[in-house]
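The sequence and the coordinates are shown first.

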Amino acid sequence: MIQFSEQSLAKVNEIVARYPEGKQKSALLPVLHLAQLEFGGWLDVPVMDYVAGLLKIEPIEVYEVASFYSMYNLKPVGKYVFEVCQTGPCMLNGSDDIIDYIRQKLNIGVGETTADGMFTLKTVECLGACGYAPMMQLGKHYREHLTREKVDAIIDECRAKAN
Amino acid sequence: MGKKLLLDKAHIPGIRYYETYRKEGGYRSVEKALKMTPEAVVEEVKKSGLRGRGGAGFPTGMKWSFLAKPEGVPRYLVCNADESEPGTFKDRYLMEFIPHILIEGMIVSSFALGSNTSYIYIRGEYDWVADILEEAIIEARQKGWLGKNIQGSGFDCNIHVQRGAGAYICGEETALLESLEGKRGNPRIKPPFPAVKGLWGCPTVVNNVETLAAVVPIINDGGEAYAQIGVGKSTGTKLISACGNINKPGVYEIDMTISVEEFIFSDEYCGGIPNGKRLKACIPGGSSVPILPANLLLTTAKGEKRLMNYESLSDGGFATGTMMGSGGFIVLDEDQCIVKHTYTLARFYRHESCGQCSPCREGTGWMEKILKKIDSGKGEMSDIDLLWDIQRKIEGNTICPLGDAAAWPVAAAIRHFRDEFEWHVRNPELCLNQNYGLAHYADPIYVPEKV
């Protein structure tokens, strides 16, 4: 059965309390972030149904939101997701080369996950780090001023962390 | 060196935390505002001439004065921290390094508008920045600046941080409100405007991060003092996030009297173009505003030096000018391909279109495909006219300005760089591995004034 941890449930209550009585639907985006973090990095249908029940809204209200926003994964992803920006300012600073390099290095295409389930490569549109291009998001944080060497180091760092 | 009002203390170690921020004079504007009437605070902001810093440049004081005040209905202030316009990263800098200036500005603004609960809607990718804001809010609450009866004034003020989840469209104020209500970010038809029917149907003001932060110096020093900085209707200071092919990318606070030339080439700001390359083009206000070739960027069609302010940047309209926009300043050097760059922007807008309006939903996808076709050497001459035709049919025909934002970059690229598009069509092999070059649009040899 899908169930948030005690700690996450407390967090959900704290989030719902930010809005007026009866407006708990406003908690949907933050609660989906919590769910994605807790239930394996993506939002499976039973997870979304659970969130709907928790916020007393219809499941369809959750699906339509989860499918709208790019940060929610509707398919399983690797343990580490490289989200590389490819919009104008990053492109001017060589993001295409970084994306190609990661593809070769991990032997996967954009949108794919390595066979060991370790890495997923995604291309994303502007993350607001244009002055520190090229860049990618990895979990909570940004990795900026990317070079091939930095990419190598990040991959090593992830592998070391996973072991 | 220009006057700094927002970033003047950015270099002080520990300014992110309350103790240092307070020691450096933080929260004085709240003390001052709480002794004034809300109307008097609005009046100071009107006097300041402050214009919305998110991109539209609408006078903030006027926006505030539109707020409906029906009896017994709560009013809301929402801070737009969804910063997603390509080239723009100024709000992130402000929130990451001086979070308390936003909290302080929001308390004063909440007081002026009568909002007891205010929200900061921040893009979900700025997760760690949202953490910083939440920590700052906790600090401010512990010191009595937030919560019930703040500083014994009888005014209740709470601020909550709401994380988005990856959607450029949520920077549009009505899409933001939809998202804050837990829905898809589909912009609403206006009217009614948020000032009348906003968050949960209540009167709401949505302001950009930088706008709300600017309220702090306005209240501290008075609206008139703020209005004296800058020139004409470009009062106060503006944060510019500079990126692309420049030596010193980053966030700069300018007082809107400096020239574009000085901003790009002086060591105080961008520090010129790397590797001795020349300036080809620039998008000075975020990806939505028209790109300009170097000659028109540095000098207006009238032959005047172009300045970094609202009026000068838009001098000449879209024919020969551009816009201040969000202050996302993107510089392209001589080796950059306009077709490819425009293609990445078209792809961005296709990705970010919410899909409500057909001209935008379909048109952005068509523009992306055609630009990709031309960029990869498979274009035909008729494609250029087709692109022009599509962008024209998107502009002005959508519920929200995303349609215009998607159309303008394509229109400006064709308007000023048509020869480069044509060259791509005529030289399908060459365009895959060679740049078109500077041709006629740049001022190729630039000699800085101050050497």
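The sections below treat chain A and then chain B.

## Basis of the report

The structure is a predicted model. Local features are reported where pLDDT is at least 70, and side-chain atom pairs count only at pLDDT 80 or more.

## Overall organisation of chain A

Chain A contains 7 helices and 4 strands. Read from the N terminus, these elements follow the order α-α-α-α-β-α-α-β-β-β-α. Along the principal axes, the C-alpha atoms of chain A occupy a box of roughly 50 × 35 × 25 Å.

Chain A has 163 residues, of which 40% count as buried. When contacts in chain A between residues at least 6 apart in sequence are considered, 55% of them join residues at least 24 apart.

## Helix α4 of chain A

Helix α4 of chain A spans residues 59-66, and its buried residues are A:V62, A:V65 and A:A66. Viewed down the axis of α4(A), these buried residues fall within an arc of 95°, so they line one face of the helix. On the other side of α4(A), A:I60 and A:E64 are exposed.

The cover over the buried residues of α4(A) includes two helices of chain A, α2 (28-38) and α3 (45-54).

## Domains of chain B

The domain assignment divides chain B into domain 1 (18-228), domain 2 (234-333) and domain 3 (338-433). Between domain 1 and domain 2 of chain B, the C-alpha centres are 27 Å apart.

Contact between these two domains of chain B involves 20 residues of domain 1 and 19 residues of domain 2. On the side of domain 1 of chain B that touches domain 2, at least two residues each are supplied by α5 (90-97), α9 (209-221) and α10 (223-227) of chain B. The largest share of that side, 3 residues, comes from α5(B). By residue class, the side of domain 1 of chain B that touches domain 2 of chain B comprises 8 nonpolar, 7 polar and 5 charged residues.

## Strand β4 of chain B

Strand β4 of chain B, residues 204-208, is mostly covered, with 5 of its 5 residues buried. The burial extends to both faces of β4(B): B:T204, B:V206 and B:N208 are buried on one side, and B:V205 and B:N207 are buried on the other.

Strand β1 of chain B (residues 76-81) runs parallel to β4(B), and 5 bridges join the two strands. In this pairing, B:Y76 stands opposite B:T204 of β4(B).

Technical notes
Residues numbered from 1 in each chain as written. Chains lettered and ligands numbered in written order. Domains from an automatic or database assignment. Contact = placed C-beta atoms within 7 Å. Nonpolar A, V, L, I, M, F, W, Y, C, P; charged D, E, K, R; others polar. Buried ≥ 20, exposed ≤ 12 C-beta atoms within 10 Å, placed from the backbone. Pairing = 2+ DSSP bridges. Arc of directions from axis to C-beta.
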